[in-house]
Amino acid sequence: MTKQHANWSPYDNNGGTCVAIAGSDYCVIAADTRMSTGYSILSRDYSKIHKLADKAVLSSSGFQADVKALQKVLKSRHLIYQHQHNKQMSCPAMAQLLSNTLYFKRFFPYYAFNVLGGLDEEGKGCVFTYDAVGSYEKVGYSAQGSGSTLIMPFLDNQLKSPSPLLLPKQDSITPLSESEAVDLVKTVFASATERDIYTGDKLEIMILKADGIKTEVMELRKD
Amino acid sequence: MFRNQYDTDVTTWSPTGRLFQVEYAMEAVKQGSAAIGLRSRSHVVLACVNKAQSELSSHQKKIFKVDDHIGVAIAGLTADGRVLSRYMRSESINHSFTYESPLPVGRLVVHLADKAQVCTQRSWKRPYGVGLLVGGLDESGAHLYYNCPSGSYFEYQAFAIGSRSQAAKTYLERRFESFGDSSREDLIKDAILAVRETLQGETLKSSLCTVSILGVGEPFHFLDQETIQNVIDTFEKVAEEEEGEAGEGEAEGEAAAAAAPAEQGGSGDQDVAPMEM
C-alpha cells in the first residue's frame, strides 16, 4: 500500500518578484504589485514592500500570509529594541534579526523569499538576500520570487564585479548612480513581466537615502 | 504609623481590617521625588523632579514611554517602576500585535492593578513599592490614572505623588477645573508650575525637571531643556516685573528669589543625565 499524502497544504504561493540594488549612498527596493494564487489574480495592487525601520526596508515574495506574520513579528521586535536602546535598528542589525526569526521556524518555515534593503551605519547602501529558513548574505543586488530566474542573470551581466578571485577586492556596491539603478530596475521588471505570468500589473519602487524614502510607481503589462 | 504585631506578613490582617505591609509600601511612594500629571481633553502632561543620588551621578529616569499613546511617571522604588514599565510596554506591544490597534489605556491600568493585587495576597511576594501615574489617549480622549501598590487605581484630572507632592496637589486643586479646556501650552505651563511648588523655595531650573507630553496627533515625547526653560522664563519674568507692586499671589516670594538665578540656570546645565531621553 503506497503512503497517503495530504490533500491539503498549509502553504500557497502568491507569486510576484522583488529586486533590490545597493548604491554608494542609496538603496533601491522594487517589487511588482500582483498577488495571485494558481492561475488566478487576487489583486493587482498589493504592496510587497514594507518599511521595518528608518534605514531598513523589507520586500518579500512567496506566501503573503506568512510574509504578513513575519512583518508583524519584526515590527514588534523593533519596538522592543527601540524601548531598550533608545534608537532605531540599523540595517545590518535588522538583517541578523530577520535571519534569526526565520531560522526560529526552521521546522515549519515562513514561506517567504526576502530581500532586505537599506543603508548601513556608514550611510552606504546595503542589500541582504535570504532563503526561506534564514540563510543570508550581504550583496550589491538581488532578486527573489517568481521572476528571479529571469532577472538575476541579467543583473549579473550588468552589475557583477569581474571575479571574486580578483585582487584588489571589489566592493559589493554598485557603481551606478541612483537614476541609472532605477532605470535598470524598470527595465528588468518590464522584461520579466513579458515571460513570467505571475509578475505584472504595477511596479512599486522605493528609493532609500539618508534624508528619507521616495516611492515611485510604474505601470506594467496586465496580462 | 508604628510597628505592631500584624505588620510582618503581607498576608496578615490587622484586627481593624488593615494590611500594614501594603500601607508601608504606599509609604515608599511618598519617599520618592515628586511626579505630577495633568490632562486636558486632548493632551496629557507628565512632569517630574530630577533627583540625583549625589552631585556626581546622573538623575533617575522617572518617566517612561510605554507606546506612542501612553506614558508613565513613577515615584518610589524606581527599580520596581522600571520592571512595571517593561511589563506595560510588553502588554502594549502584544495588544498591537494581536488586535492591530493601540491598547486602550483603561485596559492597561486594570492589568497593572491586577498585577499589583497579586503581590498583596501571596506570602512569598511583597507589594511593588512604586506609584504610577499613567497618562494615555484612547478613543474617548485623554486620560490620567494613578496606580498604587495596593492594587487600586483611580482616574484623575490632575494628580501629584511623591515627596512634597501636597504642595503641588494644592496648586492643582485650585486650577484643575480649567484644565479640561486648556491649550497644550497652558497645560505644560501648569505642570511646570506644579513642579515648582514641590521645590518649596529651591530655584526652578529646566535641569531640575523632566516634562513629557502626549496628545491627539502628538505621540509621546519629552520636551527638550530649551523648551522647558522658555516656559520657565515666561512666568519668572512676569513675576520679576510685578515684584515692586503690592502683594500678588503665591508666585511673589519664591519668584523674586528664583528670578535672578533662573537666568544663569538655563545655560550651564547641558551636562544633565546622558540617560535622559
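**From values to terms**

Tutor: In this predicted model, 64% of the contacts in chain A between residues at least 6 apart in sequence join residues at least 24 apart. Chain A contains 4 helices and 12 strands.

Student: Why does Asp7(B) count as buried?

Tutor: The cut-off for a buried residue is under 20% relative accessible area. Asp7(B) has 1% relative accessibility, so Asp7(B) counts as buried.

Student: Where does Asp7(B) lie, and which residues does Asp7(B) touch, not counting residues up to four places away in sequence?

Tutor: Asp7(B) is in the segment before α1 (20-31) of chain B. With residues up to four places away in sequence left out, Asp7(B) touches Phe20(B), Gln21(B) and Tyr24(B).

Student: Why is the pairing of the side chains of Asp7(B) and Tyr24(B) called a polar contact?

Tutor: The distance between these side chains is 2.8 Å. A polar contact requires N or O atoms within 3.5 Å, one able to donate a hydrogen and the other to accept it, so the pair of Asp7(B) and Tyr24(B) at 2.8 Å qualifies.

Student: Let us turn to the interface. What is the area buried between chain A and chain B, and which three residues supply 63% of the area that chain A buries?

Tutor: About 800 Å² is buried between chain A and chain B, with carbon and sulfur atoms giving 61% of this area. Lys72(A), His83(A) and Asn86(A) supply 63% of the area that chain A buries against chain B, more than any other three residues. The contact takes 7 residues from each of the two chains, A and B.

Student: How do you know that Lys72(A) and Glu100(B) meet in a salt bridge?

Tutor: Their side chains come to 3.0 Å, N to O. The cut-off is 4 Å between a side-chain nitrogen of Lys or Arg and a carboxyl oxygen of Asp or Glu, so the pair of Lys72(A) and Glu100(B) meets it. The count between chain A and chain B is 1 salt bridge. On the side of chain A that touches chain B, the residues divide into 3 nonpolar, 3 polar and 1 charged.

Definitions and conventions: Residues are numbered from 1 along each chain as its sequence is written. Chains are lettered from A and ligands numbered from 1 in the order in which they are written. This is a predicted model: local features need pLDDT of at least 70, side-chain atom pairs count only at pLDDT 80 or more; totals for chains, interfaces and linings use all residues. Side-chain values use heavy atoms; hydrogens and water are left out. Contact means heavy atoms within 4.5 Å. Buried area is the accessible area (1.4 Å probe) that two parts lose on being put together, summed over both. Ala, Val, Leu, Ile, Met, Phe, Trp, Tyr, Cys and Pro count as nonpolar, Asp, Glu, Lys and Arg as charged, and the others, Gly among them, as polar. Helices (H or I, at least four residues) and strands (E, at least two) are DSSP runs, numbered from the N terminus. Buried means under 20% relative accessible area, exposed over 50%, partly exposed in between (1.4 Å probe, protein chains only).
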